[in-house]
Amino acid sequence: MSADNTPAVDTRFYGRRKGKRLKPMQEALFETLFPRLVLPRAAKDPYGKAELAEGVVLDPMALFPRPVRAVWLEIGYGGGEHMAAQAAANPDVGFIGAEPFLNGIGKLLRKVDAQGLDNIRLYGDDVRPFLDHLPDACLEKVFLLFPDPWPKARHAGRRFVSPHNLDVVARLLVDGGEFRVASDDMTYVRWTLRHAPVHPAFQWTAQGPSDWRTRWPDAIESRYEAKALRQGRQPKYLQFLRRPRDTEG
Ligand SMILES: C[S@@+](CC[C@H](N)C(=O)[O-])C[C@H]1O[C@@H](n2cnc3c(N)ncnc32)[C@H](O)[C@@H]1O
């Protein structure tokens with residue numbers, strides 16, 4: 001626990017890696033397509049499967065088979081509904097998607113295959129150690145949509161939004177870059193609003209309630225978002241802009 005009662009960041013991963021058995025088509029895509037899309041494992045891979053040496057910095061623009069204008073990152077893409085739609089709508093952008101849940105990866109592979117998307121690369125595990133391998137100011141947008149909420153106070157250190165991870169996202173975003181967080185869990189929304197707007201690198205863009213009640217016009221509904229809406233929970237959409245480095249407070 002730090003001086004301001006923020007629990008220490010918990011670097012272990014508590015989410016699910018496997019669910020029900022994969023469908024045969026998904027299994028096949030894990031053999032054929034996944035190896036072409038998957039990024040090497042970080043030096044701090046907790047399973048001892050590291051493929052990158054400590055200190056290696058990747059060039060994100062060079063990860064794609066053709067030139068891209070910018071790179072966007074989606075953390076915890078779930079079944080990939082949002083990322084696949086963004087990738088199709090923005091063919092000039094390269095997408096890095098991080099997701100440890102095999103069944104989610106399987107769903108995304110189906111979409112990549114069916115739509116012939118060539119601007120997606122995948123990190124198949126907890127994104128946090130991988131972020132150490134990305135250079136400063138390399139991402140134009142970072143999406144964190146419906147992150148696992150960990151609503152109990154004693155689990156707050158497991159939430160992705162934390163002072164440490166905000167420093168990391170601030171390091172990775174270009175000046176003026178965008179960090180989008182959506183959640184239907186009010187504990188997580190309050191938690192994010194407690195930490196992000198006071199971070200010297202971030203500016204919360206909302207002017208009024210319609211800004212946090214309305215999904216971004218260029219985004220599509222994700223699986224968890226649809227579930228929240230079905231169950232009567234109104235998601236909140238938070239947009240933070242990365243301040244230019246020379247104006248940081
Ligand atoms: C509640 S689901 C939301 C999925 C999707 N974004 C949506 O809106 O439908 C949260 C997802 O984040 C993934 N996740 C949790 N911690 C993660 C981490 N450290 N790195 C990458 N993905 C993570 C989980 O595996 C899970 O699929």
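**Figure 1. Charged side chains and overall form of the chain.** The chain carries 37 positive and 31 negative side chains, and the centres of the two sets lie 7 Å apart. Lys and Arg count as positive and Asp and Glu as negative, while His and the chain ends are not counted; each charge is placed at NZ of Lys, CZ of Arg, CG of Asp or CD of Glu. The model is predicted: local features need pLDDT of at least 70 and side-chain atom pairs count only at pLDDT 80 or more, whereas totals for chains, interfaces and linings use all residues. Residues are numbered from 1 along each chain as its sequence is written, and side-chain values use heavy atoms, with hydrogens and water left out. The C-alpha trace spans about 45 × 45 × 35 Å along its principal axes. The chain has 9 helices and 7 strands, which are DSSP runs numbered from the N terminus (helices H or I, at least four residues; strands E, at least two).

**Figure 2. The largest nonpolar core.** This core has 40 residues, and F179 and F202 have the most contacts inside it. A nonpolar core is a set of buried Ala, Val, Leu, Ile, Met, Phe, Trp, Tyr and Cys residues joined through side-chain atoms within 4.5 Å; buried means under 20% relative accessible area, exposed over 50%, and partly exposed in between (1.4 Å probe, protein chains only). Elements that give two or more residues to this core include β1 (70-75), β2 (93-98) and α6 (163-172). The largest share, 5 residues, comes from α6. A second, separate core of 28 residues includes L29, A84, L145 and F146.

**Figure 3. Surroundings of F202.** Leaving aside neighbours within four places in sequence, F202 is in contact (heavy atoms within 4.5 Å) with residues including L166, V169, A170, F179 and F240.

**Figure 4. The buried side of helix α6.** In α6, N165, L166, V168, V169, A170 and L172 are buried. The buried residues of this helix pack against α5, β4, β5, α7, β6 (202-204) and β7.

**Figure 5. Two loop residues with positive phi.** Most residues other than glycine have a negative phi. A137, in the loop between α5 and β4, has a positive phi of about 50 degrees although it is not a glycine. A137 is partly exposed, with a relative accessible area of 34%. W150, also not a glycine, has a positive phi of about 40 degrees and lies in the loop between β4 and α6.
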